[in-house]
Amino acid sequence: MKLLIIEDDVAAANLLKRGLEESGYAVDLAHDGEQGLKQARAGGHSLWVIDIMLPVRDGLSVLKALRDEGKGTPALILSALGKVDDRVEGLRAGGDDYMVKPYAFAELLARVEALLRRSRSSGGGPDTLLEFADLKIDLLSRTVTRAGQKIDLQPREFSLLECLMRHAGQVVTRTMLLEIVWEYFFDPQTNVVDVHISRLRQKIDKNFSPPLLHTVRGSGYVLRVEA
Amino acid sequence: MPGIWIMAALLLGVAGAAIGFWLARRRQRSLESLRSRLVAVTQSSRQTGDNIAHDLRTPLTRLHADVETTLRNEDSEAHRATLERVLTEIQGMQSIISALLTLGQAEAGGMPVKKMAVNLSLLLEEILELYGPSAEERQLRLQGRIALQIMVEADRQLLARIFSNLLDNALKYVPADGLVVLSATAKGGEVVVTVEDDGPGIPAEMRDRIFERFTRLDPSRTPSGGAGLGLSLVKAFAKLLQGDVRAEASRLGGAAFIVTLPAAAAGVPRPVP
Ligand SMILES: Nc1ncnc2c1ncn2[C@@H]1O[C@H](COP(=O)(O)OP(=O)(O)OP(=O)(O)O)[C@@H](O)[C@H]1O
Ligand SMILES: [Mg+2]
């Protein structure tokens, strides 16, 4: 799977490329808006990572142009804090997700994977039943069972679990959970999310085996069956 | 404000240099010279005084000593442990820079404020719910006394940041078994939200200064400790929303932080999106 990174900071772009390659992706680089636009038009990418502040032509106008041409490739927008720090503008220009620099690589990787997965699984009706291992959740009746046994969750715990189930097998970061479940686009410092997760873990893992909800150090959480 | 920008740029450079330097196992001099440049720049910046220099120099000094010691050691386990500490320090410095940039932007009026009708009562209940489990884990009682249907014309993210900073403080500074109360009322054209506790409180002579950058009652600094920017952000955000915040003594025995905001213009309250 090939990604395109449009980022003028050459050192940062190379680090990003190396990190993504180590995670199994092929990566093309472009260092200004015009060049990025050309490469994106040439096609073949599953995802674009676009910095807003670019020489020659800014990232938002590049993305707008691509969207106007009907190109639907998912796009992750990067913005430097204190610059055009406006996620709404970014999303309006056709971005699918938005991150403020400086970011942790683990955060970027998690978002890239979530976007790729979202674009692969789109189409088909909305799921009302999600399943992972012996865990099942019904989004209509808002019920959860594990190994056939009913589990009572608070509404917020339910939303957390839903989010983790939609990304089963992938790391979901604290920031992503705050954005998706609480719709807060800032970092509330205290380990508020971790405490909610540990409550959820008590309920879905404590009396069952194997454990499904794991902490990924320095990164976030993932639902998986560990080998 | 340019002082802050220069400093932020420098600091990012230093943080990057610290890692590069560590990996390359040389260029000890460049970190040293960046460090003295940083100290020079921050010390010459009058508006924020020595505090910033101190706050940024402390982690840099720690980084410097840590990296230097580790370089003399061949053990790769020790290298790894040092890199992890370096990363933590860098994250701490990054959050200081982010907060300073945000503050600069907010105070200069350059911050986008998306005002819309917000049901403040609901938002506060949500924040209580977000912080509830953390409070319980710290053996604090967190209570809400929130009047229904308080509407404000404001930016939801800024509001949430204001109250999450205040609750974050209460959770950090109120000792176990304490009580934290979040209350909200609307009187006339004004909405008053109070976050108060039965903790150690703020001495009367500090109640204004506490909102200045880098002011902390306990000046000792640890890698995990706060920077003293939270309340400055709260003040800047409250002002952006045409409100204000002040500190008082609480009837509960500790600190009371009182946020005032203009109530939404009278009319049919619109539902929150
Ligand atoms: N509820 C409280 N009770 C007692 N002291 C408090 C309370 N809230 C704040 N303080 C004091 O005010 C100081 C400044 O608070 P502020 O939120 O600005 O910074 P911080 O919490 O130290 O760091 P940061 O918020 O940047 O992580 C704190 O260090 C603490 O000494
Ligand atoms: Mg604080």
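Q: How do the residues of the shell around ligand 1 divide into nonpolar, polar and charged?
A: This is a predicted model, in which local features need pLDDT of at least 70, side-chain atom pairs count only at pLDDT 80 or more, and totals for chains, interfaces and linings use all residues. Residues are numbered from 1 along each chain as its sequence is written, chains are lettered from A and ligands numbered from 1 in the order written, and side-chain values use heavy atoms without hydrogens and water. The shell residues divide into 8 nonpolar, 7 polar and 3 charged.

Q: Which chains supply the residues that surround ligand 1?
A: Around ligand 1 there are 18 residues (a heavy atom within 4 Å), with Asn169(B), Tyr173(B), Arg216(B), Leu229(B) and Leu231(B) the closest. The site is shared between chains, because the surrounding residues come from chains A and B.

Q: Which side chain has an N or O atom 2.7 Å from an oxygen atom of ligand 1?
A: A nitrogen atom of ligand 1 lies 3.0 Å from a side-chain N or O atom of Asp197(B). An oxygen atom of the ligand is 2.9 Å from a polar backbone atom of Leu229(B). At 2.7 Å from a ligand oxygen, the side chain is that of Arg216(B).

Q: Which residue of chain A forms a salt bridge with Glu136(B)?
A: Between chain B and chain A the count is 3 salt bridges (side-chain nitrogen of Lys or Arg within 4 Å of a carboxyl oxygen of Asp or Glu). In the one formed by Glu136(B), the closest N and O atoms are 2.8 Å apart, and the partner is Arg199(A).

Methods:
Polar contact = N/O pair within 3.5 Å; in protein donor to acceptor, adjacent residues only side chain to side chain. Nonpolar A, V, L, I, M, F, W, Y, C, P; charged D, E, K, R; others polar.
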